[in-house]
Amino acid sequence: MIARLSGLLCHKEPEQLIIDVQGVGYRVFVPLSSFYELPDTGQPVQLHIHTLVREDALLLYGFSSLLQKQLFLLLLGISGIGPKVALNILSHLSCDELQQALLLQNSVRLSLVPGIGKKTAERLVLELHEKVQKLSAAAAAASGRSAATTAGRSDTDVLSALLSLGYKEKEARAALGRIEGAAGLSTEALLRAALQELTPGRN
């Protein structure tokens, strides 16, 4: 299976491109978020790839980051969500926006994506909430970033998760400091409360 491609970008158009790898042109489907990060044609490019094998085709889906590929695979694991729908979601939501919507169980935000109705959005939240929590925790552990050793275990895990989502350490710590009764909250509840503190327009 092809997991990554490195070559020259010889053609690009919204949602698909061709990468020349030693004289072989590979057609790759990409979300718009990855498309906008592409270099000019003729320049080197490298993408994380998911290979989908069907009876009549071998399809390649490319992503600018490993996290985006991981989210794509999580979306594909949902009944009724195919590659086109998954790409559409990643075209309209950044990785951070999608993770926040799922962590906060914000189905309304997901339903704003064209082609995603209320029921589908609710199903995404129901089935992916815990999986995205695990993905965020794994990313935080891999990053090697941690809070001070004097902090509680929940505070450390949540701070690491917030850093992995792209928040600055200063604003993440400030958000945690504003949460009342933080010491008695589970890691999941504390993360949800911190994201609510960091989300503009919260109640």
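This report describes the barrel, the nonpolar cores and selected residues of a predicted model.

## The barrel and its helices

Five strands form a closed barrel, arranged in the order 1-2-3-5-4 with mixed pairing. Strand 4, residues 44-53, pairs with strand 5 in the antiparallel sense, and six bridges join the two. Within this pairing, His50 has Tyr61 of strand 5 as its bridge partner.

Two helices pack on the sheet. Helix 2 touches strand 4 and strand 5, and its direction makes about 15° with that of strand 4. Helix 3 touches strand 3 (24-29), strand 4 and strand 5, and its direction makes about 10° with that of strand 5.

## Nonpolar cores

The largest nonpolar core comprises 46 residues, and those with the most contacts inside it are Leu75, Leu98, Leu110, Leu124 and Leu162. Two or more residues of this core come from each of strand 5 (58-63), helix 2 (66-76), helix 3 (83-92), helix 4 (95-103), helix 6 (118-143), helix 7 (153-164), helix 8 (169-177) and helix 9 (187-198).

When neighbours within four places in sequence are left aside, Leu162 is in contact with Tyr167, Ala172, Leu191, Ala194, Leu195 and Leu198.

## Thr51 in strand 4

Thr51 belongs to strand 4. This residue counts as buried because its relative accessible area is 10%, against a limit of under 20%. The side chain of Thr51 reaches the backbone oxygen of Ile2 at a distance of 2.7 Å. Apart from neighbours within four places in sequence, the contacts of Thr51 are Met1, Ile2, Leu58, Leu59 and Leu60.

## Helix 4 and the residue after it

Helix 4 is mostly covered, with seven of its nine residues buried. These buried residues are Cys95, Leu98, Gln99, Gln100, Ala101, Leu102 and Leu103. Just after helix 4, Gln105 adopts a positive phi of about 55°. Gln105 lies in the loop between helix 4 and helix 5 (107-111). With 40% relative accessibility, Gln105 is classed as partly exposed.

## A further positive phi

Most residues other than glycine have a negative phi. Glu15, although not a glycine, has a positive phi of about 80°. Glu15 is placed in the loop between strand 1 (4-13) and strand 2 (16-21). Its relative accessibility is 41%, so Glu15 counts as partly exposed.

## Cysteines

A disulfide is a covalent bond between the sulfur atoms of two cysteines. The structure holds zero disulfides. Cys10 is partly exposed, at 44% relative accessibility. Cys95, by contrast, is buried, with a relative accessible area of 14%; Cys95 is also one of the buried residues of helix 4.

Conventions:
Residues are numbered from 1 along each chain as its sequence is written. This is a predicted model: local features need pLDDT of at least 70, side-chain atom pairs count only at pLDDT 80 or more; totals for chains, interfaces and linings use all residues. Side-chain values use heavy atoms; hydrogens and water are left out. A nonpolar core is a set of buried Ala, Val, Leu, Ile, Met, Phe, Trp, Tyr and Cys residues joined through side-chain atoms within 4.5 Å. Buried means under 20% relative accessible area, exposed over 50%, partly exposed in between (1.4 Å probe, protein chains only). Helices (H or I, at least four residues) and strands (E, at least two) are DSSP runs, numbered from the N terminus. Contact means heavy atoms within 4.5 Å. Two strands pair if DSSP finds at least two bridges between them. Axes are lines fitted to C-alpha atoms, for helices over the stretch in contact, and angles run from 0 to 180 degrees between N-to-C directions. A disulfide is a pair of cysteine sulfur atoms within 2.5 Å. A polar contact is a pair of N or O atoms within 3.5 Å; within protein, one must be able to donate a hydrogen and the other to accept it, and residues adjacent in sequence count only if both atoms are side-chain atoms.
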